[in-house]
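Open the structure in a viewer and keep the selection tool at hand. The tour below moves from one selection to the next and says what is found at each stop.

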Amino acid sequence: QFCRNYLAELDLFMRSVSSFWVISAATAARTNRRQALLAVIPNKATFAFQSSLSKSPQIHRTTVSPSGITVVQSMMNQFTNPPLPTIKKSAPPLPPPPRSCDTFVYVSADKGAKGPSATLFGKNSDRPSEEAHEVVYIPPSTQHPPGSIVCCTHGIEIPQVSSTLGVILSRPAWLWGCEMGANEHGVVGGNEAVSTLLSSELDTDVAAGGLLGMDLLRLALERGHTAREAMEVCIDLLETYGQGGRCSEDPNDNWTYENGFLFADASEAFVLETAGRCHWASERVAPGTYRNISNGISIRAESMESCSSKIRQICRDRGWWDDRTPFDWKACVGYGVGATLASDYRLEIRGREKAGADHLRKMSDQLSCGDMHSDDAPVWVRCMSDALRDEDSGICFRDSYGFCSTGSQISWIPPNSSKNSSDLCDATHFFTAASDPLVASYKRFVFKNAEEGGGGMTNYGTLELWHRWREIALQGGLKRCYSRDDKDKIKKVMQEAEVQAFSAITSGSDIHQIDLSFKSAVEQELALLGTKKP
């Protein structure tokens, strides 16, 4: 009905003007619903229609004149006229493509410069809504004998190094790698799905031997003492083994993707983006500056630090780069417009990427005008939590049967946290460990208390907590599962626990008065939600 009304109004408007217009239409089929959005842009003569009803959207173009609105009408008929399918309570047979992963970093400033006193990192993990998620601690090991093998997801085997660092990982429970995490030396990282013109190089066949991006991330965190070292580990493994493989728990699903990464420590950060099986580009994020990535290629010519050795020749051979203009990674491998990038609107940041940059810019502005102080850790962490809970922009979103935000991480990494020493870092990490980070509380984790789980690998009960939140989500959320009084009590207790956890960053002397351990926070939230179905 929306499309019909809009087209009628558009027809009247176009009859009153003499210029040509661009009409872009996008359709979506989340939870088996059909939706359509229309927008008009002046002074163009192309009609562009993109269908996302399939996993491989197709673009259809034709010329439109003021009298040619009937062309638009005929192309829209298939989406405005067919009857709506019956809404089912089960997940669709094939998961939709990833639509929201967002990773942020604001690197600590040098002394006397503008910026936070510690590196601030944040990420939302967005995965299929029915895919269980857990936060797991894996202790360090210095006893890997020579010739040891590490078995990654899908049975991919690679040589193990002599020693690995202790890590805390937020991950889909079925796989070996992780979506995001941190190590004991104050290195954090996040992984995102991206898509480039070289995606056809990927293979979902396990026999092809490619590593998942999530496996690459865990390997980098286990082996990298600094953000740069973690990135270099990731690059070396990418070039040696390549990336690829099935990214879904369903063995019949052929979902796979290229990867983007953001690594950070107390003094610097790096964006690493990949294309095809083994190509890459990197960008350094300097002290006192910020950066975010959102499921897309983003490294530009002016910010690129390095790239894989053959990618320039590949782009030149395929006509994506003319070898005269500066090599622009995003323009070339993202859109194949390296020679005409100045006039291509697709290279502008928009959507969630722009919304994320606005959140970081707002933090910078508040610091400049004195509303925030560089060493006020709880305020910085709270600002990051606000960004990660931004539902209006899509940075955080909920969907019972499609993709949704299944977990969230925030890290505060002070300057002494990334030194290569035997001492554990002073970084503080927060995880929601829930299928809905918009309502769940962030729980504090520090490596000095990691052994509270019993000394070995443990998930601290986070898998059980994830399933409890999933159960609540399927029943309509807190407001449908509990009385008003119980719902208000649950939200109040969780909010108070989160405030205490954030405050503990700078009030270490008071931490022994209240049990703020990660394990205790998970147990408290489980007890609060109850184990019986409402």
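Begin by selecting helix α9 (residues 462–474) together with α12, whose axes come within 10 Å of each other and cross at roughly 30°; helices here are DSSP runs of H or I with at least four residues, numbered from the N terminus, and axes are lines fitted to C-alpha atoms over the stretch in contact, with angles from 0 to 180 degrees between N-to-C directions. Because angles under 35 degrees count as roughly parallel, α9 and α12 are roughly parallel to each other. Now show the side chains of T462, E464, L465, R468, W469 and I472 in α9, which meet F518, V522, E525, L526 and L529 of α12, contact meaning heavy atoms within 4.5 Å.

This is a predicted model, in which local features need pLDDT of at least 70 and side-chain atom pairs count only at pLDDT 80 or more, while totals for chains, interfaces and linings use all residues. Residues are numbered from 1 along each chain as its sequence is written, and side-chain values use heavy atoms, leaving out hydrogens and water.

Next, select I168, W329, F445 and W469, the residues with the most contacts inside the largest nonpolar core, which has 54 residues; such a core is a set of buried Ala, Val, Leu, Ile, Met, Phe, Trp, Tyr and Cys residues joined through side-chain atoms within 4.5 Å, buried being under 20% relative accessible area with a 1.4 Å probe, protein chains only. Helix α12 (residues 518–529) gives the most to this core, with four residues. A second, separate core of 30 residues includes C178, L217, L219 and V233.

Methods:
Buried means under 20% relative accessible area, exposed over 50%, partly exposed in between (1.4 Å probe, protein chains only). Helices (H or I, at least four residues) and strands (E, at least two) are DSSP runs, numbered from the N terminus. Angles under 35 degrees count as roughly parallel, over 145 as roughly antiparallel, 65 to 115 as roughly perpendicular and the rest as oblique.
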